[in-house]
Amino acid sequence: MTIVALTVPDDLCTALHVPAERLASEIAFAAAVRLYEEGRVSLAKAAEIASMERFSFAARLAEAGIATAAFDPADADAAKTAAG
């Protein structure tokens with residue numbers, strides 16, 4: 001895995017209400033969420049970026065109100081038609 005170093009303000013932990021030992025994981029989680037929301041990475045890849053198990057990552061997304069599945073209305077109509 002590639003290591004990325006960031007320079008952040010000294011008071012970032014205070015601003016985010018996060019202990020210093022969790023700051024890197026919070027930043028990784030935020031980046032993973034953003035990339036997932038933009039459709040640039042899959043749910044599995046976003047979970048990997050956040051160093052989380054896929055279902056735990058999906059659960060945190062759900063807690064934040066972020067959808068983990070997208071459905072095309074045409075697909076729903078096709079499923080209804082196929083079901084009879």
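**View 1. Glu 38 and Arg 34 form a salt bridge in this predicted model.** The closest N and O atoms of the pair are 2.7 Å apart. A salt bridge is counted where a side-chain nitrogen of Lys or Arg lies within 4 Å of a carboxyl oxygen of Asp or Glu. Arg 34, Glu 38 and Arg 40 are linked in a network of such bridges. Glu 38 has a relative accessible area of 38% and is partly exposed (buried means under 20%, exposed over 50%, and partly exposed in between, with a 1.4 Å probe and protein chains only). The search of the whole structure finds four salt bridges. Side chains of opposite charge can pair when their charged atoms come close.

Residues are numbered from 1 along each chain as its sequence is written. In this predicted model, local features need pLDDT of at least 70 and side-chain atom pairs count only at pLDDT 80 or more, while totals for chains, interfaces and linings use all residues, and side-chain values use heavy atoms, with hydrogens and water left out.

**View 2. Glu 48 and Lys 45 form a salt bridge.** Their closest N and O atoms are 3.0 Å apart. The two residues are three residues apart in helix H3 (residues 43-49), and therefore about one helical turn separates them. Helices are DSSP runs of H or I with at least four residues, numbered from the N terminus. Glu 48 is partly exposed at 40% relative accessible area, and Lys 45 is partly exposed at 37%.

**View 3. A salt bridge joins the side chains of Arg 22 and Glu 26.** The N to O distance is 3.0 Å. Arg 22 has a relative accessible area of 40% and counts as partly exposed.

**View 4. Helix H2 (residues 23-37) packs with helix H4 (residues 54-63).** The angle is about 80 degrees and the axes are 12 Å apart. Axes are lines fitted to C-alpha atoms, for helices over the stretch in contact, and angles run from 0 to 180 degrees between N-to-C directions. H2 and H4 are therefore roughly perpendicular to each other (65 to 115 degrees). Glu 26, Phe 29, Ala 32, Val 33 and Tyr 36 of H2 meet Phe 57, Arg 60 and Leu 61 of H4, contact meaning heavy atoms within 4.5 Å.

**View 5. His 17 lies in the loop between helix H1 (12-16) and H2.** His 17 counts as exposed, at 70% relative accessibility. The C-alpha atoms of His 17 and Asp 75 are separated by 42 Å. Along the chain, these two residues are 58 residues apart.

Notes:
Angles under 35 degrees count as roughly parallel, over 145 as roughly antiparallel, 65 to 115 as roughly perpendicular and the rest as oblique.
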